Amino acid sequence: MTQRGPQPGQSPEQRAKELKRRHVETRRRQARRRRKWLAAALAALVLAVAAGVVVARALGPWGAGRGPAAIAATRAASSSSAPSAGDASAGGSASPLPGLAPTTPLSTPAGEAATPTPESTPEPGSAAQPSFVVSRALRDVRTLEDIGVRTAGSSAEKAGATFIARRLRATGAKRVIRTFKLPNGKTSRNVVARFPGATKRTIILGAHMDTKAPSPGANDNGSGCGALLEIARCLGERSAYPTVELVFFGGEEMIDGNPDHHHFGSRYHVEAMSAVARKNAAGMISVDMIGYGPDFVVRSMGKGPQSMVDLLLRQAKKRGLPLTYLRDPGASGWSDHEAFELAGIPAAWIEWRDDPVYHTSADTSGHLSAAKVQTAGQLVLGALYDMDAGDPWRLAQ
Ligand SMILES: [Zn+2]
């Protein structure tokens with residue numbers, strides 16, 4: 001029997017009871033329906049929020065209200081609280097890593113793991129080379145900029161090194177921090193990370209972390225550091241044929257009036273290289289100031305082997321990039337390639353120039369060109385992935 005409700009022959013009490021039962025049942029049905037609708041609405045809301053987050057991430061930091069104008073406004077508002085003295089420790093403003101506050105949660109390794117960028121992550125099992133994702137590099141540039149003026153031996157320079165070492169942890173690379181003394185008695189440091197390849201022959205990529213007061217060093221040289229961190233992420237996904245050593249140098253800028261008092265981190269690194277490390281050093285590229293200027297140049301002192309310069313010129317030609325050669329004027333090198341070149345290691349410096357605001361407080365991320373950082377970063381990364389045993393500069397030696 002499927003019929004329900006009052007049946008013929010029921011007493012008034014039975015009918016009343018039956019009506020009450022039907023009433024209660026109706027109320028329950030309505031409550032169930034309301035719960036179902038509520039659950040569906042909640043699910044829709046969660047999906048919409050998730051979609052919003054994905055879109056915001058895909059748009060990158062420029063799409064999240066941090067465009068150049070927004071950044072400039074932020075800088076103007078925060079400049080009074082940013083460390084302005086050349087030495088944060090001497091100035092007593094040794095604030096710990098302002099850039100590592102929750103405003104930049106994606107800089108943590110956990111964030112990296114949780115939010116893979118679709119365009120940079122190859123399909124499982126695919127042999128595709130990871131691509132340089134400039135928004136990631138620029139995010140790290142801004143963190144370094146937020147740390148503030150990072151003069152050699154200052155607590156801010158140390159904070160920059162700590163941040164970089166922490167970012168490298170996510171790549172799985174073996175990392176070490178090597179400290180060294182400056183002539184003024186302060187301590188500076190290099191952060192070194194190694195990505196083993198198919199040969200022990202090694203390409204060294206370098207970028208200096210320190211800045212010249214009063215510059216927060218977005219272009220000089222947050223841009224090079226950000227690019228190297230992005231290259232590190234790619235190498236963590238897929239190694240290159242040569243072993244790659246990334247060195248984030250301390251103390252590149254001049255620390256006093258003595259024109260030879262600079263390039264301390266790179267000089268220390270070359271001096272400390274063992275005979276085996278020197279034998280395996282196939283080349284060095286300094287990535288220094290790659291975010292601003294009309295001219296894309298590869299530079300050297302013209303004193304050592306030029307095979308790394310030639311290799312980068314060939315790479316650029318292959319990619320249709322307007323890279324030209326520029327020799328450092330004068331007797332000394334103008335970036336960290338100097339010590340390597342003088343040690344007989346093929347060395348080159350990659351740079352976009354000129355930046356009229358370098359070494360000033362106006363060297364902020366707001367004036368950087370994402371396209372220029374992308375071009376230089378992808379050129380260096382592409383050169384690494386293109387190297388093989390057949391390279392004419394005897395990489396496989
Ligand atoms: Zn520099």
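Figure 1. Strand 5 and strand 8 (residues 347-353) run parallel, joined by four bridges. Val 287 has Ile 350 of strand 8 as its bridge partner. Strands pair here when DSSP finds at least two bridges between them. Helices (H or I, at least four residues) and strands (E, at least two) are DSSP runs, numbered from the N terminus. This is a predicted model, in which local features need pLDDT of at least 70, side-chain atom pairs count only at pLDDT 80 or more, and totals for chains, interfaces and linings use all residues. Residues are numbered from 1 along each chain as its sequence is written.

**Figure 2. Strand 5 (residues 281-287) is enclosed.** Seven of its seven residues are buried, so strand 5 is largely enclosed by the rest of the structure. A residue is buried if 20 or more other C-beta atoms lie within 10 Å of its own, exposed if 12 or fewer, and partly exposed in between; C-beta atoms are placed from the backbone. Strand 5 also runs parallel to strand 3, through five bridges. Here Ser 286 of strand 5 stands opposite Gly 206.

**Figure 3. Strand 3 meets strand 4.** These two strands run parallel and share eight bridges. Leu 205 has Leu 246 of strand 4 as its bridge partner.

**Figure 4. Leu 228 sits in the largest nonpolar core.** This core has 76 residues. Leu 228, Phe 248, Leu 312 and Val 380 have the most contacts inside it. Helix 6 (residues 218-237) gives the most to the core, with nine residues. Such a core is a set of buried Ala, Val, Leu, Ile, Met, Phe, Trp, Tyr and Cys residues joined through C-beta atoms within 7 Å. Beyond four places in sequence, Leu 228 touches Leu 205, Ala 207, Leu 246, Phe 248 and Val 287. Contact means that the C-beta atoms of two residues, placed from the backbone, lie within 7 Å.

**Figure 5. Helix 7 (residues 264-272) is largely buried.** Seven of its nine residues are buried, so helix 7 is largely enclosed by the rest of the structure. They are Phe 264, Gly 265, Ser 266, Arg 267, Tyr 268, His 269 and Val 270. These residues pack against strand 1 (174-181), strand 2 (187-195), strand 3 (199-208), strand 4 (242-249) and helix 10 (337-342).

**Figure 6. Two stretches have pLDDT under 50.** They are residues 1-8 and residues 58-126. pLDDT is the predictor's confidence in each residue, from 0 to 100. The model has four contacts beyond four places in sequence for residues 1-8, and 82 for residues 58-126. The protein averages a pLDDT of 80, and 68% of the residues score at least 70.
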